[in-house]
Amino acid sequence: NIRGGVVSVSHSTFTQCGGGGISVSGGTPSFVDDTFTNNTGGPAIRYLFLPENLRASGLRASGNNSVVGNSNYVAVGAAPNVYRGQGEWQNPGIPIAGGSMTIPVNMSLTIDAGTVITAAVFIKGGTLSIPGTAAQPVPMASGTQYADHVLEFDDGANGMLSHLRVNGAGGFNGAVINNSSPAIIHSTFKGGASGVVINGGA
């Protein structure tokens, strides 16, 4: 369990661990070219909070399982899942799973190109930037059955979403925009209810 400090973990293997690969409850760790195989009881990496910066790249995961099934991912957050910071989540090479999360006023988060993310994100006056590219799009789906949308922009929220691939399967709206001004370019919304619902914006 990483509880604090600036910890670097690289070129390491975690296998057959009974509580998942790595648990992070504090600090600003970084993970590079690590492998997670056949762990049980939790995901490859579990953050017990929403990190301001997620520093990870080149991760590999296979055969990891928990009570929710396939756990080959980086799990982030714990209730109430409010993001605090002006940070960046790097593409770890395996999916990021976040349930639902809120980005409030004066907070901003950038999710790097190529990242695969499962989360319902509510931008409540904050900013969400996803600078995907044609070569590295960003697939995204809701991470919870308790949200009606994959993305929701409220209260003058901003953002730039490029080459986003939103899957609304399960009846979700892809994005809802309420009096906000995000820019959505070269993106695809598939399945679910409505692709994008606009209730005012500039």
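**Salt bridges**

I began with Lys-124, which counts as partly exposed at 29% relative accessibility. My cut-offs: buried is under 20% relative accessible area, exposed is over 50%, and partly exposed lies in between (1.4 Å probe, protein chains only). A note on the source: this is a predicted model, where local features need pLDDT of at least 70, side-chain atom pairs count only at pLDDT 80 or more, and totals for chains, interfaces and linings use all residues. Residues are numbered from 1 along each chain as its sequence is written, and side-chain values use heavy atoms, with hydrogens and water left out.

How many salt bridges does the structure hold? I found 2. The criterion is a side-chain nitrogen of Lys or Arg within 4 Å of a carboxyl oxygen of Asp or Glu.

Glu-152 forms a salt bridge with Lys-124, and their closest N and O atoms are 3.5 Å apart. The pair links distant parts of the chain: Glu-152 sits in strand β18 (residues 149–154) and Lys-124 in strand β15 (residues 117–124), 28 residues apart. I take strands as DSSP runs (E, at least two residues), numbered from the N terminus. Glu-152 counts as buried at 10% relative accessibility.

Asp-154 also meets Lys-124 in a salt bridge, at 2.8 Å from N to O. Asp-154 lies in β18 and Lys-124 in β15, so this pair ties together parts that are 30 residues apart in sequence. Asp-154 is buried, with a relative accessible area of 6%. I logged Lys-124, Glu-152 and Asp-154 as linked in a network of salt bridges.

**Aromatic pairs**

My search of the whole structure gave 3 aromatic pairs. Tyr-47 and Phe-49 form an edge-to-face pair, 5.7 Å centre to centre with 80° between the planes. The rule: rings of Phe, Tyr and Trp (its six-membered ring) pair if their centres lie within 6.5 Å; planes under 30 degrees apart count as stacked, over 60 as edge-to-face and the rest as tilted. Tyr-47 is buried, with a relative accessible area of 1%. Phe-49 counts as partly exposed at 23%.

Tyr-83 and Trp-89 form an edge-to-face pair, at 6.3 Å centre to centre and 80° between the planes. Both Tyr-83 and Trp-89 are buried.

**Core**

Which residues have the most contacts inside the largest nonpolar core? I noted Phe-31, Trp-89, Leu-128 and Leu-151, in a core of 43 residues. Such a core is a set of buried Ala, Val, Leu, Ile, Met, Phe, Trp, Tyr and Cys residues joined through side-chain atoms within 4.5 Å. Its largest share, 4 residues, comes from β15.

I then listed contacts of Leu-151 (heavy atoms within 4.5 Å). Not counting residues up to four places away in sequence, Leu-151 touches Val-121, Ile-123, Leu-128, Met-140, Leu-161, Leu-164, Gly-174, Ala-175 and Val-176.

**Sheets**

I traced an open sheet of 3 strands, in the order β2-β5-β8, with parallel pairing. Strands pair if DSSP finds at least two bridges between them. β2 (13–15) and β8 (60–62) stand at the edges with a single partner strand each, so one side of each is left without a neighbour in the sheet. β2 pairs with strand β5 (residues 35–37) in the parallel sense over 3 bridges. Thr-13 stands opposite Thr-35 in β5.

A further open sheet has 5 strands in the order β12-β14-β16-β19-β22, again with parallel pairing. Its edges are β12 (86–89) and β22 (181–185), each with a single partner strand, so one side of each has no neighbour in the sheet. β12 and strand β14 (residues 108–111) pair over 4 bridges in the parallel sense. Trp-89 stands opposite Ile-111 in β14.

**Backbone**

I found a cis peptide bond joining Ala-79 and Pro-80, with omega of about 10°. Pro-80 is in the loop between β11 (74–75) and β12.

Asn-106 has a positive phi of about 70° although it is not a glycine. Asn-106 lies in the loop between β13 (96–104) and β14. Is Asn-106 buried or exposed? Asn-106 is exposed, with a relative accessible area of 60%.

His-163, a residue other than glycine, has a positive phi near 55°. I placed His-163 in the loop between β19 (158–162) and β20 (164–167). At 13% relative accessibility, His-163 counts as buried.
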